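Visitor: Please present the model, so that its pockets and strands may be discussed in turn.

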Amino acid sequence: MKHLFPKTIFVLSFFLLVGCKKNEAPEIVKTEIPQNSIEFASGLSIVKHEGYSVVTVIEPWPNANAKFTYILKEKEAKVPDSLQKYTTIKVPLESVVVTSTTNIPFLEMLDVEDKLVGFPHTDYVSSEKTRVLIDKGSVKNVGQNEKLNIEQLIELSPDLIITFGVDNNNPMLDNLKKSGLNVFIQADWMEQSPLGKAEWIKLYGALFGKEDKAKELFDKIVESYNQAKKLVADQPATSTVLYGSMYEDVWYVAKGNSWVAQFMNDAHANYLWADLKGSGSEGLSFEKVLDKAKTANFWIASGSFKTLDEFGKSNPHYTQFDAFTSKNVYTFEAKFGATGGTVYYELAPSRPDLVLKDYIKIFHPDLLPSYEFTFASKLN
């Protein structure tokens, strides 16, 4: 009996312990499902995983027959076998070649412009910061977009060449890949949403290991853009607007879903072709434009004209528009860098908040009395 008592205690204790374990709630392990970090851009997806990111360029050019997926792999990271078929890029990058001036501001905003080693037709770059690098030879001229100097690119041996295509026939892209160069095909130029274009800074954040900074910068741009929209929220869209200029015998107007038209809509202006479906532009005859826009209050002209007189001499028919005779003609293309690069083409896609403020200053000047134009110029 003396021997049975300890055994009984042990057995009872064992079953009590097991019973308690059964009654305890099972521990739930929460796993986060990686999400696409892109909110506004329709042509880009970035999904962050442990040690790598999956980046997809959804529509690289109009009517593209394929999309492009890239794996941005950090050092020592393990990438699943199912993703091995995609192009792998080691990040963060230490050197890069970009081929569009719209990429330059993203590099500068992230403080990685010193990683730029090549650019085609460097005269197009307007930024003073990057021009210093070009002038001292840190950034090489690598030809032109249609005819990049492949031998020079091989010699430079950048970690990545960020370029773009315009259609399904891209022999230059094929030649770059055949030469063993790492190529990334980006498509920020395809975005029609003002904030969608600017959100491509997140791609450069992922490429250079600066995701947090890219998000912080973009969030500030979104906040600034939305604050500008609030300024005009209660303002009627009474200003009628003519857009564009004659090119040879055709007048190209921006369609209603285009990047330009969305700015005018957000600035609460009555753009006369806002109901023209689609993005991009539509070619019209001078007569059709005059018939619809003769009495327009404002004219946003294309071209780098400095004065109203210079603009009028480019086409004597322009004097038939009321906006011309009332001297309400503006252009966004008259400000240049030291070697002729257009500031608007380079910087505007990455700073839509400043573009919107320029439009608000034109159509509702009383709302921004102390604001000075960033891109726009009035032709006097």
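**Pockets and strands**

Guide: The largest pocket holds about 1100 Å³ of space. A pocket is an open set of points, on a 1 Å grid over the protein atoms alone, where a 1.4 Å probe fits, with protein on both sides within 12 Å along at least five of seven lines; lining residues have an atom within 4 Å of a point. A volume is the space filled by probe spheres set on the points, which are joined across faces, edges and corners. This is a predicted model in which local features need pLDDT of at least 70 and side-chain atom pairs pLDDT 80 or more, while totals for chains, interfaces and linings use all residues. Residues are numbered from 1 along each chain as its sequence is written, and side-chain values use heavy atoms, without hydrogens and water.

Visitor: Which element gives the most residues to the lining of the largest pocket?

Guide: The lining comprises 38 residues, and Thr102, Trp259, Tyr344, Tyr345 and Pro349 are the closest to the centre. Helices (H or I, at least four residues) and strands (E, at least two) are DSSP runs numbered from the N terminus. At least two lining residues come from each of β14, α9 (259-266), β17 and α13 (343-347). The most, 3 residues, come from β14.

Visitor: Which element gives the most to the lining of the second largest pocket?

Guide: This pocket has a volume of about 330 Å³, and Gln35, Ser37, Ile46, Lys48 and Glu211 lie nearest its centre among 14 lining residues. Two or more residues come from each of β1 (44-49), α7 (201-207) and α8 (211-231). With 4 residues, the element that gives the most is α8.

Visitor: Which strands stand at the edges of the open sheet of 3 strands, and why does each lack a neighbour on one side?

Guide: The order is β13-β14-β16, with antiparallel pairing; two strands pair if DSSP finds at least two bridges between them. Between β13 and β14 (residues 250-254) there are 2 bridges, and Tyr247 has Val250 as its bridge partner in β14. One side of each edge strand is without a neighbour in the sheet because each has a single partner strand; these are β13 (246-247) and β16 (281-284).
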